[in-house]
Every structure is written in C-alpha cells, then in structure tokens.
Amino acid sequence: MALEEYAGDYNMCCRCSACKFVPLQMVKGFEHANVCPSISRYNFHFYSGGGRLNLGAEALDKGFNYTPRYLDVIYNCQMCGACDVSCKYGMDMEVLRPIQELRIKAVQDGHAHPALDKVVDRMRKQGTMVAGKGKRGAWAEGLGLTDAATKKVDVLYHVGCLTSYDKDMQKVAKATASVLKKAGVKFGILGDAETCCGGRAYEMGYEADFLAQAKKSMEAIKKTGAKTLVTSCAMCYQTYAVLYERFGLKGDLKVVHSSQLIAELIGNGELKPKNDVDLNVTYHDPCHLGRLGEPWAHWEGTKIPGDRFVFDPPRPYRRGTNGVYEPPRQVLAGLPGVTLTEMDRIKEYAWCSGACGGVTDSNPEFAEWTANERIEEAICTGAEAIATADPWSEKLFAETIAKNDGALKVYDIVELVDQAI
Amino acid sequence: MALDKDIYSAFADVVGEENICDDPVMMAAYYKTDFAAVIMPGNTAEVQAVVKLCNKYKLKYRPISCGWTGVFIPGTVMLDLRRMDKIIEIDEKNMYAVCEPYVTSAQLQAELFKRGLNTNIKGSGAQGSALLRGHGPMDQSCGADDRNHLAVEWVTPEGDLVKIGSLGSCDEFFCGDGPGPSLRCLVQSTVPPSCTPGVFTKVATKVYHWPGPERYHLKGNSPNYSLAEKPPYMMLRYYSFPSVDKLMDAEYKLGEAEICFILYGINMAMVSANVTSSNEEQEALFHKIAGEVQGPGFVVILAGNSEKDFEYKKKVLETIIAATGGESLKAVEEEPQIEDTLMRQCTRVSGAIRETFRPGGYFKSIPVMGQRDLTVRWAIGAGEAKKPLIEKGLIVDDGGAFFGWGVEHGHLGKTEIFCAFSPMNPEAWKVVDAWESEEGGRALDENYFALTMSPLDVIDEKTGPKLSNYHLWWYKVLDELDPNGVIPLKGVSKLTP
Amino acid sequence: MIAKQKLTKIVGGANVSDDAATLDAYSKDISFVNKVRPAYVVKPRSADEVRQLVAVANETLTPLVPVSSGAPHMKGDTVPGIGGAIVADLSGMNKIVFVDRPRRVCMVEPGVTFGELVEATKKEGIRLNMPLLPRSTKSVVGSLLDREPVVMPKYQWDISDPIACLEVVFGAGEDFRTGQAAGPGTIEEQWKVGGVQKAPYGPHVATWHRLVQGAQGTMGIVTWASMRCELLPQLEEAFVVGSSDLEPLMEMAAWLIRLRMANECFLLSSTDLASIFAEEWPKDFKRLRAELPPWTLFYVIAGYDYYPEERVSSYLSDTADLAKRLGLDPAKSVGSLSARQIMKAVQQPCPDPYWKLRGRGACEDVMFLSPNDKAKDFYEIMCGLAGKAGYPVSDLGTYIQPMVQGCGCHIEFNLFYDPDNQAEACQVKDLADQATKTLMNAGAFFSRPYGDNARTIMNRDAASVAVLGKLKKVFDPNGIMNPGKLCF
C-alpha cells in the first residue's frame, strides 16, 4: 500500500499512549513497563508510535517538511513493532506499516541517512549488509557441507550476512550446521553464491532496493530447488517468511527458523540432547522471530462507508499473536541442565535488543542504550546468560556487555543445542 | 512558532539541549497545536526554573503528563512531564502512595498489587497518569474525582514551590489539607482546556485494600490473554434490568449494601467491545448478546476478603438482583472467557480504547460527575437524541445507550454518554458537535448540571452566571496567582484581559 | 464604631445586643486567648440578613466574627481577634432544610445542633458521621467546617467528609454555593428536577468548600451546609480491646478500617474513657480509671438491610482471626464499662455537662494529625513533656481517631485543669504551648491551628501562607472576616 492508503490509520491515532507501554495487563511493576525504545530514550511524544502517526497525518495534510528533528525521529526507531502490538490490543489500525512508509518516503524524497546509504550501497554492489573480508562462504571451509549452488537440495540453510562475514558470529553458522548434521537433516548452503535477503534494507527505508535484492535472492534460492529454507537469523526469517510473502516473492518456499526445526526434531526424538549444559538462562524474543514473524495476511478491500471502521472483506490485523514464541522455549526446555527464567517483557511485548531498524548503523549509541536496557532486565532475572535466536541481537548484546565489563553471557539457542548433543 | 534564540537557550540551560524542541513540524504530534516549544523538565527544581522563565518572558505554559486529550492555545509552552516518572513512596501503614506525574496507573497498580493494595484507575485507561483526577470502574469501592488526593507538591503559576497539607508543615504526605483552609481547593488536576494553575510535581494518592492476587498470571498472547488461574473469592457478572428505574434501584441498594468491589454500568455495545479484539468480532458479539438483555445493565465484581465474606456478598447480590428484576447475562455465566476478560479489563482498566475509539475511530463524549440519579434522568434524553444520528448511519449504533455507575458505594456517581464515529467523516463531526452542544445546553437550561469545559465565551455569558458566577471568582483567583498572565486561560476570555 | 441602628435595621432590635453581660460572654472562652470584647452581638435569622451584615461590615470596615455553636467554646476561634468586632451568632438559624433518605443527604442551617440532627435523620433511617461526643450546643455546621475528626473513618473518604455543599457569603459580600449546589439554577430549581446538593466538587476545577473548611470564618459566613449521611444499621455489635501497648491496637484499627469491617473505630486512654463515663467526681472517675487498661480500642461491627446477622458473623470471624494474629482479645466490656454502653454514648451528642469539663471545669486540647506509625512516638513525647511540667501523666487524656479510611490519625491530648486555679491554668497553658512546639518539631501536623500558637503553626508553612494571603484578598478583600485568626 502506498503511504496515502494509510491515511485512515494516521488519522486514527487518538494519542492514548498505549504504544509506549507493554499491553497494560502485562505491566508487572514499576520497572519494565515501557516497550518503545525510541520514546523511552528520547522522551518527546513524537518519538512514540502514536507521535509518528500524528506527524504522518499532518504531513499528509500539509506536506512533508524534512527538518533535522523530523529526520532524527524517522531514523531513531528500531521498527521493532512493539508499538504496533500494544496499540492493536485495543485498536483496529495499522501502526508499524504507516511508520515504515514515512521512512520509505524520506528515502524516496532524497533524505536518506548517510550511514544507511553506505550499508545499502554495499548490499547493491556486494549483496551483503555486512562488510567482510574474504568470501561469504569461507566460514564453512572444511565442514563438508553440500554446496547448493551446484547440487539441488530440498533444504537450504540460509546463513545470512552477519553470521557469514562476522568472525564473532560465525559460530552461529557453524553451530547451526553442526546441529542440522547431527540431526541428519539433508541440507545445503549457497556459500559464496548466497546473497543478502534484503530485509534490513527494507527497514532502513529502501523499498526499491529491497525489492531488487529480494528478486536476486529468490532467483538464487530457486536455482537450488529448495522447498524449505532454514535460517538461524531472525531477520532473515522474517524477511523470507513475511516480507517476501507480502510482496508476492516467496512462492511455495517454506521458511523455517532453526529453533522451529530443532523444536520439532527434539519433539519427535530425532534429536536427543544428552549433555548437561548447566546454565541458568533467560530468553530474549527477537522482534523478527516474535511479533514481526507473525505470518503475513494478504488483504485487499475497502472501508465500508458509515459509522464504523470496518472493511469489506474484514481486514485482518497482525497483532503479534502468532509470532514464533514457543519453539525456542521448547528447545531450551529440552536441553539438560538449562533453567529458563523469563524476563518481564517477553513474546509479543518483548523489549527490542536495539539491533533492528538500521539503528546499529545510524545511531550506535542508541542501539547500545536499547541493548543495555535489555541486558539490565536480563540481569534482574538472576540468569547467568541471555539466549536468543538472532545473531544481530547477540552481537549487540555481547558488544554492549563487553563495553560495560559485564558478566552476563550471550548465546544463540543453536549454540546451546550444539553443546547438548 | 519557534522561540526566540536567547529564550530557547535559557530553557535549554535548565533542562538540557536534548529536552527541548521548538521545531514547528514536530508540534503536530502535540495536539496539532503550534506550541512555542515542548520542554521536558526532569525534576521539581527544573519545573520551577522553567516556570520562572515563562514568567520572565511572559510565555504561557501548560503541563501534561501522559496527556491523552487536550485543547491548547497556540504559542503556549508545553511542559511534557514524561521525565518525571518515579514512584516516590508507597506507605502501607498510612494507605497512600506518592508519585510523580508520569507514573502510569498500570505501574502503580502493579506495585500496589504486590503489597495487597490497589489504586483507582481512571476510565481512560491504565496508561494514564496515576495522579489524574477522574472516574473509573473501581469508583464504587475506591473513591474518585479529586477525593483520592492527599498532599501535593505544587509549583505555582509564578514558579514558587508550595507543599500542600502535611507536606508543607512536616514533610509527610499523608494529609492534603491545612494548616487552616485547604489549598486542595485549587489543585485538582484536570484536562485542558480546563486549567489547574501551576504544575503538580508529586502527589500522594490514597490506596485501598486489594484482596486479589499479587498479580494476574496470564496466558496466551495479545490480544487474547486469559487468566492462568481464576482468583479465589472473586466473581464477575453482568446484570440487566427491565428499566432504568429498576437499574437505579439495584444500583442504590448494592451501594448501600457495600458489597461491590466494582459496579461498572457499561452497556452491551461497550461490553462487546471490551471483550473482543476487533470491530467485526464486536459487531457479531453485540448482535448476539444485545438480544439477551432486557434493558440497561452493569457489571458487578465481587471480591471477598475471606470465603465467608465472599459468600455473604454473593448472597446479598443475588437477593438484590432478584428484588429489582435483574437478570444475569448468560454469556458471562456460560462463557468463562468473557468473565475472565471483563474481570481483567475492569480491574486493570485496559479496555477503554476498545469501548470508545475502536468502533468508529473516534468518539466525543459528555461525562458528568455528580448526583447519579439526576444525571441519569438527563442522560435518557441525550440517548434519545442520538437515535436520529444512528439512523442516518453517522454514528455507531449502540442503541442510544449511556453508561455510568455509583461512586463511593452510591453516594456519588458518574454518568457518561458518547457518540463513536469516523474521524474521516466531516458530516459526522458536524452532527456530533451539534448533539454535544444541544445536550450540554439542555443540561444547563433544565438545571441538571453544567459543562464547564466549554469555550470561554459560553462560560462567560451562559454557564458561569448560572453557577454562582464561579468563573468570576476563578478569574480573580487566577489574577492573584498569575500576575504575569502565563496561564493560557487569561487573555482568552474577554473578562480576563 | 458601626451605628447600632444600622444593625437593628437588618436583624431587628431584639437580635442586636450591646449590653455588658452579653458582650462579656462573647469576649472570651475556655481557651487561653486574650479576652477581646466585641462591639455587638448580632443574631441574623436568614441568609439575606447575613448578606446585609457583611455588606455593612464592608462599608464600615468592621470585623465580623461568625459563631454557630452555643457556649462553652474552647478553641478561641470565636473570640474576636481585635476590638470593635460584630459577633454574628447564627445559632438562631436552625432549620433542618431537608433530610433525604434515598440519596443519603441532609441540609441544615448553622444553628442546628447534633442532638436535633440525630433525631431528624433517625426518623429517615440515616445518620451523620459524627465527631466524638460533641457538646449539646455544638453546631453541626460549625463542627464540619472545623474539620473535626469523625468516629467512622470507614465512611470518611475525604477529610472534608461528611460535608457536601455550602452556601457561603464571602467576606467580599457576594454569596456563593459550592459543589453541585452552585447551579445551574437556584436551590429550589435544583430540587424541582431532583437535585439534592450532594456532590462536593466544583464547580469547574476548584473544590470550593475546601477553602471555607478550616478557615475559622476568615473567608465568609456559611448560611447552610449539606452533608452526606450513612444508613442506620439494623444490627450492631460493639467491641473493646484493652492493652497497655498502643501499637498492636493501632494495627488492629488499621486493619479493621482497611478491610472496611468497623463503623465507629477509635482509641481512648483510660483517663479519657473514665472522664466520659464517670458519674461522679473524683471517686467514680478514679475507680473507673483504675480498672481500665491504659488504652482501649473501641469499634462497632454492623449489619444493614440484607442479612445483617450473616454480615456481622462474617466480620466477627475475620476480626477474630485478625485479633489472634495480633495477640489481642476483643471483648464486650472493659472494666465495668460495656462496649454497648460506649456505643450508645458515642452515637449521641454528649449530655451536659460536657465531658471535658466535668472533672476539673476546663480543658485545653493539644490536637494534631499524625501518620499512624508515629502515634506512639508522639504520645511518649507528650508524656515526657507532661512529666517535666509537673502535669501528672495519669491525668493526661488521649484520644486517637483514625481518619480518612486509614490515611493517618487525629491525635488529641486533653489537659484537664481547674480554671479557677491560676497556677494550674498557667501550668497547662505553658505545657500546651511547649507541647505544640515540640510536637511540631517532631513532625506532628497541626492542621487546625487555634489560639496563640496559630501564628507559629501557620508560619511553619510560609509558602502556603503566601497563597492563602492571595486567596484572602479575593474572598475577603477588606479583611473583615474574623481578623487575627490563622495567618490573617
């Protein structure tokens, strides 16, 4: 939908401020009631989901005026979707999508963020979001994995830019490959032929670039013959499962996050974790696996004229209900010696790690601030480690903890599974 | 309307550069009003300094906390109190809590629940400030209006710090009145355009006993939560009555019997909105259950302090309902999820938006606090006046209903009636505005009550003279408290040049 | 000085007094305030006459001192602060305007006493939340305007309760009605559509009656007040709990109130309880005091229209658990006093002579508000001061009234003395002064300042005084209303 088609949603915001907080019944105390990193950090109402909608409504009416503050608001948002979930507890309206459209429009109107420009340019030219030396597939050397670029596979393990190129995060790729192998899953990787899913570019506001990249990615995937794409990257998961579906690019490809697959494998006995991991852990729900990972619901229709905000056919709202929440938990529950203590903000109302929305590139300080809030919340549980299912979150957590000389350990779920089997 | 450079710098010196914004483009997010600036003080001293600067430069200012609604004058300086968000104290022995303005009711309630305590939450929702004066579902047993405030830390319009009540004399928050006459006469907290002079920076609010669990343990995912365990000694029912008279009879009897934790007189449209997560679901449920009620009704929640207490309350409830011709809504009795959802929503006050804004996207309402039976009599007429608008399809069909409930076990009351409509429909706006004006005018002309959140020319010419000329006294009070004219009210009324 | 004729023209000759005996009677009271003779004592009979009096007082800048209760006065607030004043005695305005059972509200003029109102409301099955044993001449309106503590904290949602609305003639001369009574329409027009002047807040963003309450007549003269009433119970069970330790009793009271189980609920020291019930002095008083525990918590559990026995039974069961947890033993009697006897007594005004004056003839009260958990500390401070002053601690009366549904308590130390004994009177005055200052320094909140200490108390809160001064300029610009009181 074009930005103008969200006019109803922009104007619907009544400024109730629910978007700033976790769903109200989930407020468990004074701490951890906030859910929007942007307004929590910057405090002005215009940094909240509702505030952004108010700005959009005004801009639709009076024209777009890209002042420095306006751009600051546009880019200091992780696009985490927490505001969307909280608002949709009570309202029938879109929140995240109209907010995304504002950023897309800013880019279209020539007001891209220079740091994000660099990243997207890299994607255009090199097919990666992450700068890296050497080849994309180098992490897999010596592992004897099937090369899907040359051999057809049913299951394609999509590694993702970060875990391919980043030396600190390649462990996730290796652990995933190890677990899949041990489980007897016949899979392949594209290695050097793998290209970026483009999802982060979409969040950064580069819709056209995303679509171009997505086409490239799907071409490469189709060539492998894969029916199922598995990934350990929550961002990639959401991109393939949801964004590609939204833009009609996914086709029949089944998209599965590694936590879902592993949960199934443990559940049906094909994977038997035996080793005692001995860890008291808390679990961070990545936005892109959780609330943003809810399956896309296609819809085309019109508002029914009259008194009520209802549509024909009824407009389905993705309210964060059906994100991937249980499989990672089931995995953790299946690992010997792992005790899970939940944080206050979980599942569809989890606090963002800070790694989304291009903020790690456009405003690293804000990304770190956001991560630090989450780390403190994790520490409150008494857990010795924070586990998640998203390498972008893990990287940011690890760096932030190290910067502050913290003791909290960071793991990807797949690493713990690999340890346990 | 950006500030003069030097003035901007002066404010920035107080709150820090990151806490002031005068970009006119951003003001759209603040009530679409052309504020001079939005300034966010972080503590009482900063509030005072900002207010003193406003006095120095003769800039009008208004504070907001969570700030849902408001009507403001262009050129005003907006004090957004978001950074003042601490719970200062919870004193269980003296039954009060002290909060800064941006503590949400949800946060305060959650902390109080852990201690077996509770706070009344305004009907606008638990995302609102814990300090707000107003009414909500728990009024029956948890007081309401300005009657839950105790001591207040108040920055006057001139920027002086006045600690009202025991706070000023002995640095305690337990009492808001004295020495001598109470300055709580002036400080209520209210929604703009009404104008409480100055800024509250801390307020003590009464807390109440909570017999329920430390926390509602919920399962499921938004928006479909449910209780993992129904609290013992708590029960919710919806009762409908064959007439407004019977409903009022039951309401008064229940109030006098002092058995209800909550008596929440919402209509079927609101019930169906409250427990559903979309407009379509709401419509379907409304059509199903609207036929099951015999007339107007209310939600009752009983909460027993013990098993015996609970059983007693249930017995009395059944007796009163039977005596007044009430009938229990089967949908609540037979579908546990409805009882479950309503119980959570009413206690944690998280359903307001579903009831009001979701159906049409917008709503305008006439809320009245005061003598319950009197305001109900007026509301019947206001409800009838909605019906032609419903027939024309301009407002959401709720049967022309109004709602409300007894406050303080029926001593006082709250009645409200609203029209829900699409904000994109200019004709709907017109007719709803007209309805609001006509019904408000009728209330005044027929001596039921007066709406004092009207335009100032209406206050000066019509309303004020009919209300003991309160407006003239109020303007004189403001003259004394606000010599520099920084309260936005002044200069807008022709009586306050 | 204002010409008598001007006053006669307003209230009639029979209602203007300037004879020495009358003026003398109003020039002093039992408190230690200086004797100041008024110029006249005037008895208006209607709100219109009050209005005219205020107008004339403004014209001539004559101080006006409103009084509604009959003697004996004890706090000094009705003794003129300066000479040349007119005392406006409203005791003749004693109409009970209405008692409304369904809406649980009544409206009375200033001269109505508690005895009169108790009878009138009883007929309708309701009652006022009363202070403890007001004297027979005490004006209901006067008591409520003074913010006197009430014996049923459960029903005191706000410290201004049970006041609802007021009609007041401000010192500026205009009259005003507070709360729902403000309008629209006259009171009669409001009655016509069923309005009963019940809601206290407003109009608009102010809650005007709070300005008049606690003002000791310095803002204006109230010509009627409406007030909320409570149902008369169908069944009542009274209990007493004796202890030498105040703290567990305070905790029990806190829970009784928190769980809304008790109606009347207060604590009295043995001296006060004995003072109230002694039939003969000094023997009976001494006997009674000796057999009473140092502290007695008194409370009543009640049932109303629906299954009163079951309600009482359920509360009895819960209070028994509570008492057990606190190691206390609720009983039906304490010493030779039955709880029922106490209950009957406190549901009426005090029979003459007023209990505080029976023993020695006079009493100086040191009264203030306190957080619940500081009550014991304040008591110990007071005992220390009494001891130092040579005032026997055993003669010190103490009344602790939990208030506002558990938000703190009213504490009152009653210093009984023989007013004809100069030395005793001086001792008590000095002790009261010393106690006020010491307790204030220790954190006691003297919310109702009277007498010579009022200025000191008010000055403690200079910021509030500054605002009160501004309000005074609005509502009594000429400063005619009871000058010399509070901070005015």
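The model is predicted: local features need pLDDT of at least 70, side-chain atom pairs count only at pLDDT 80 or more, and totals for chains, interfaces and linings use all residues. Residues are numbered from 1 along each chain as its sequence is written, while chains are lettered from A and ligands numbered from 1 in the order in which they are written.

**Confidence**
- For the complex, the predictor gives an ipTM of 0.97 and a pTM of 0.97.

**Where chain C meets chain B**
- In this interface, 80 residues of chain C are in contact (C-beta atoms, placed from the backbone, within 7 Å) with 77 residues of chain B.
- Helix 17 of chain C gives the most to this side of chain C, with eight residues. Helices here are DSSP runs of H or I with at least four residues, and strands are runs of E with at least two, numbered from the N terminus.
- By class, this side of chain C has 40 nonpolar, 19 polar and 21 charged residues. Ala, Val, Leu, Ile, Met, Phe, Trp, Tyr, Cys and Pro count as nonpolar, Asp, Glu, Lys and Arg as charged, and the others, Gly among them, as polar.

**A buried helix in chain A**
- Eight of the eight residues of helix 18 (413–420) of chain A are buried (20 or more other C-beta atoms, placed from the backbone, within 10 Å of their own), so this helix is largely enclosed by the rest of the structure.
- Its buried residues include A:I413, A:E415 and A:D418.
- They pack against several elements of chain A, among them helix 9 (170–182) and strand 11 (409–412).

**A sheet in chain B**
- Five strands of chain B form an open sheet in the order 5-6-10-8-9, with antiparallel pairing (two strands pair if DSSP finds at least two bridges between them).
- Strand 5 (87–91) and strand 9 (161–164) of chain B stand at the edges with a single partner strand each, so one side of each has no neighbour in the sheet.
- Strand 6 (96–99) and strand 10 (199–206) of chain B pair over four bridges, and B:C99 has B:V203 as its bridge partner.

How values were computed
Two residues are in contact if their C-beta atoms, placed from the backbone, lie within 7 Å. A residue is buried if 20 or more other C-beta atoms lie within 10 Å of its own, exposed if 12 or fewer, and partly exposed in between; C-beta atoms are placed from the backbone.
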